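Student: Hi! Could we go through the charged side chains in this one together?
Tutor: Happy to, let's bring it up.

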Amino acid sequence: MAYAHAMNEDYDETFEWIGKFISDAPSEGRRAEGYLIKGFYHFWLGNAKQALDDMQKAWDITNELGNGVIKVYCEGHIAIVNYEREEVEVCRDQFQSWYDNISKNSSPQRDLSEPKVALNWGIGLVELKQGRIDSAKARLKEIESMLPKIMQPQYLTMHKLLHGE
C-alpha cells in the first residue's frame, strides 16, 4: 500500500502505511526492512538527514541480528545518500564495505560480476567528485570488461551513467 500511495504522490499516506508496517512487523528483520523503505522514501523526497536516520536504524537492527541481506542493502543505500550529500570519503568506505559484505556472505560459486559493477560505479562516481578522472576512467573500463557476462539492464545503466558523468 505504501508503494501505491507513493506512486500517487500521497506521501502522508505512504509514511502512514510504512509506520504500520514497522509497528506490526512480525520480526526485527521485517522491522528493519520497514525502516530501510522509509529511508528510501525520505531520500526520494530530498530529506537526506531523515533518510540516513531511518537507514541507520535499519542497519543497527540488522547488524545486531547478523542479518546479512538487509544489512547489505542498508550499506548500499547509505553510501548513495552520503554520495549525494558529498560525503565522498565516507561514501567510498561504505561502497567498499557493501561489496566486502556481499563477498563474505556469498557462496564460493556465485559470480560477483554484478556487485563488482556496482562497486566500480559507486567508487567511479566518488573519483569524479574528487577530480580523479583517470581513476574514474579505469573504473569505467573495468565495468565494460564485465558487461558481457551480465544480463540485468540496471548494470548497463550504471555504465552509461558513469560514462555520462
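**Salt bridges and a charged patch**

Tutor: Let's start in helix 3 (residues 28-44), where Glu28 and Arg31 sit three residues apart, about one turn of the helix. Bear in mind that this is a predicted model.

Student: What do the side chains of Glu28 and Arg31 do?

Tutor: They form a salt bridge, 2.7 Å from N to O. Glu28 is partly exposed at 37% relative accessible area, and Arg31 is partly exposed at 24%.

Student: And how are Glu33 and Arg30 placed in helix 3?

Tutor: Glu33 and Arg30 are three residues apart, so about one helical turn separates them. Their side chains make a salt bridge too, at 2.8 Å, N to O. Arg30 is partly exposed at 37% relative accessibility, and Glu33 is partly exposed at 24%.

Student: How many salt bridges does the structure hold?

Tutor: Seven. One of them joins Glu127 and Arg132, with 3.7 Å from N to O.

Student: Is Glu127 buried or exposed?

Tutor: Glu127 is buried, because its relative accessibility is 5% and the cut-off for buried is under 20%. Arg132, at 40%, is partly exposed. Salt bridges with shared partners link Glu127 and Arg132 with Glu89 and Arg92 in one network.

Student: New topic: which residues form the negative surface patch?

Tutor: Asp10, Asp12, Glu13 and Glu16.

Student: Where is Asp10?

Tutor: Asp10 lies in the loop between helix 1 (2-7) and helix 2 (11-23). Asp10 counts as partly exposed, at 30% relative accessibility.

Notes. Residues numbered from 1 in each chain as written. Predicted model: local features only at pLDDT ≥ 70, side-chain atom pairs only at ≥ 80, totals over all residues. Heavy atoms only, no water. Patch = residues over 30% accessible without salt bridge, like charges linked within 9 Å, V, L, I, M, F, W, Y side chains within 5 Å. Areas by Shrake-Rupley, 256 points an atom, 1.4 Å probe, with all protein chains shown as cover. Salt bridge = Lys/Arg side-chain N within 4 Å of Asp/Glu carboxyl O. Lys, Arg positive; Asp, Glu negative; His and termini not counted. Charge placed at Lys NZ, Arg CZ, Asp CG, Glu CD. Helix = DSSP H or I, 4+ residues; strand = E, 2+ residues; numbered from the N terminus. Buried < 20%, exposed > 50% of the residue type's maximum accessible area, 1.4 Å probe, protein only.
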